[in-house]
Amino acid sequence: LLVLIYDKEKNKVAGAVIEIFKVFYSQGDAEHFVETLPRKMIMINKHEGEKQDNKFLLLASEPTYVTWNEKAMLDETEKLLKKLKASSTLIKDISKAYDINLTDLGSSSEKIKGVFFAEPLVIPLATESARKEAAAVSGEEILPRSITKGELILGLTKEKQKIIEPLALFSKTIITDGKENERKRVMQVMAESALLSNISVVIFDRTNSFDGLGQPTDKRDELKKYELEQEPIGFPAKKFQIGTDVKVELAYTNPEGFVQLFGIGDNIISKTIIATMHSSKAVNINELIEKIKVIPPGDEPNAFEISKIVRVLTLINLMYPGIFDRNNSVEAMVKSSTKALGKANIVDLSKSDERIALLATQNILNKIKAYFNENKSGGMGLMVLIPQAVVLLGDSQKLIEKDMAAIIREFASLNIGFVLSGEKEIDTPKDLLTAVEARINIVQGNDIGVQLKGQKSYRVLVRPTLSRE
């Protein structure tokens with residue numbers, strides 16, 4: 001759709017505001033998708049009784065003013081069409097992360113075209129939208145501008161020098177000192193840089209702190225203060241709930257850590273469970289029980305002890321119904337969602353007790369390791385973020401936490417990045433600290449110190465986030 005708003009002076013046309021709209025037929029959750037985009041889109045939902053709703057999205061070019069002559073009009077229209085075409089390709093790529101299907105109206109069926117053009121208010125709606133934009137001609141793009149994949153835009157020095165580093169230098173990072181929300185802001189900036197580089201992230205979130213990643217920030221003026229040309233953006237994001245989206249698969253669970261968490265002790269009960277978990281690779285507790293039941297009774301374990309093991313495992317299963325089963329969520333987490341952006345996978349630990357939070361985290365980390373052992377990545381294939389890491393990694397006496405630290409150490413050889421945060425560096429396991437190559441400490445507020453391996457440290461004022469904090 002081409003919209004022209006004429007500027008008249010003494011009954012003569014002096015110029016015009018031009019705006020072009022690309023129309024898509026949408027199938028899926030278009031409402032949430034539109035909310036995450038930093039640029040204006042118009043959504044039309046045509047509801048006719050009990051029939052299926054027909055949704056259309058109108059993607060707008062930037063409105064622009066030209067003086068009234070044929071060549072200027074044609075040149076500007078052609079320029080807007082080229083930009084809109086590029087933006088349309090990106091929008092269609094991003095839409096795949098939201099499980100919606102966008103079809104160009106021109107490629108839609110005659111029936112769908114008829115539904116759209118039968119709506120008499122479409123053209124006036126687009127015209128009114130363009131009229132409101134006419135007073136403020138902008139040069140915004142659909143996606144943030146001046147983004148180079150693989151870069152981390154940290155912020156500014158006190159001398160107003162922009163600090164941009166290769167993201168690869170921060171693939172093994174620890175963030176310490178300051179307040180939790182200050183550390184979280186730095187972590188979110190790093191997550192955004194990964195997502196803009198088409199690297200998905202997995203965040204283990206205990207406090208729902210990263211829910212804003214899916215929504216663009218409303219602090220546009222703050223971005224300008226930090227000389228950022230990028231526009232606010234909400235990233236493709238999915239929240240994974242323990243028990244519904246994420247299960248604890250016994251085949252990927254550390255057996256020694258499992259029996260320790262449930263306080264089974266060092267005895268024939270625990271030894272039999274550990275041995276059976278190692279040998280059987282059972283997926284869930286019911287399968288493990290069946291493997292235990294067929295053990296021939298002898299001196300150790302005898303028939304009474306086998307029955308006791310079955311009772312213990314049955315009780316665990318009753319305590320946590322629906323938790324122990326095949327975990328199919330990890331492959332969905334690690335695959336890039338679109339050609340343009342990575343996906344934020346937020347594992348919600350807020351509703352789980354400490355035992356299940358630890359088991360679920362270890363399970364996901366172990367399955368991530370297994371995935372990348374089979375699917376090698378040329379560059380950074382994934383970034384794992386663990387805020388308040390002391391809660392999940394700080395107790396070396398817990399075998400499940402010790403196992404997680406060992407898994408994270410292996411991430412470097414698999415091109416998996418990790419970012420840990422905590423109040424004190426000393427709370428991080430020593431053998432994991434030796435793998436860290438970038439240290440960020442909060443001085444005060446957004447003032448941070450950065451120490452990269454083999455380089456001099458420096459100070460920087462961290463930029464605002466593109467998404468909501």
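Predicted model: local features only at pLDDT ≥ 70, side-chain atom pairs only at ≥ 80, totals over all residues.
1. The largest nonpolar core holds 64 residues, and among its members Phe204, Phe258, Ile273, Leu313, Phe324 and Ile368 touch the most others. Helix α12, which spans residues 354–374, supplies the largest share of this core, namely 9 residues.

2. Helix α8 covers residues 268–280, and its 13 residues reach 18 Å from the first C-alpha to the last, which is close to the 18 Å expected at 1.5 Å a residue. At the N-terminal end, α8 is capped by asparagine 267, whose side chain places an oxygen 3.0 Å from the backbone nitrogen of isoleucine 269. Just after the helix, lysine 281 adopts a positive phi of about 50°.

3. Which residues of α8 are buried? They are Ile268, Ile269, Ser270, Thr272, Ile273, Ile274, Thr276 and Met277, and the elements that cover them include α7 (255–261), α9 (285–293) and α10 (303–319).

4. Salt bridges number 20 in the model. Side chains of opposite charge can pair when their charged atoms come close. Glutamate 76 is buried, because its relative accessible area of 11% falls under 20%, whereas lysine 79 is partly exposed at 42%.

5. Glutamate 354 and lysine 398 form a salt bridge through their side chains, with an N to O distance of 2.3 Å. This pair links distant parts of the chain, 44 residues apart, since glutamate 354 belongs to helix α12 and lysine 398 to the loop between α13 (390–393) and α14 (399–411). Glutamate 354 is partly exposed, at 46% relative accessibility.

6. Arginine 439 and glutamate 425 also form a salt bridge, their closest N and O atoms being 3.2 Å apart. Because arginine 439 lies in strand β15 (residues 438–444) and glutamate 425 in the loop between β14 (416–422) and α15 (430–433), the pair ties together parts that are 14 residues apart in sequence. Arginine 439 is partly exposed at 28%, and glutamate 425 is likewise partly exposed, at 28%.

7. Finally, a network of salt bridges links Lys158, Asp447 and Arg459.

Terms used: Residues numbered from 1 in each chain as written. Heavy atoms only, no water. Core = buried A, V, L, I, M, F, W, Y, C linked by side-chain atoms within 4.5 Å. Buried < 20%, exposed > 50% of the residue type's maximum accessible area, 1.4 Å probe, protein only. Helix = DSSP H or I, 4+ residues; strand = E, 2+ residues; numbered from the N terminus. Expected span 1.5 Å × (residues − 1). Contact = heavy atoms within 4.5 Å. Polar contact = N/O pair within 3.5 Å; in protein donor to acceptor, adjacent residues only side chain to side chain. Salt bridge = Lys/Arg side-chain N within 4 Å of Asp/Glu carboxyl O.
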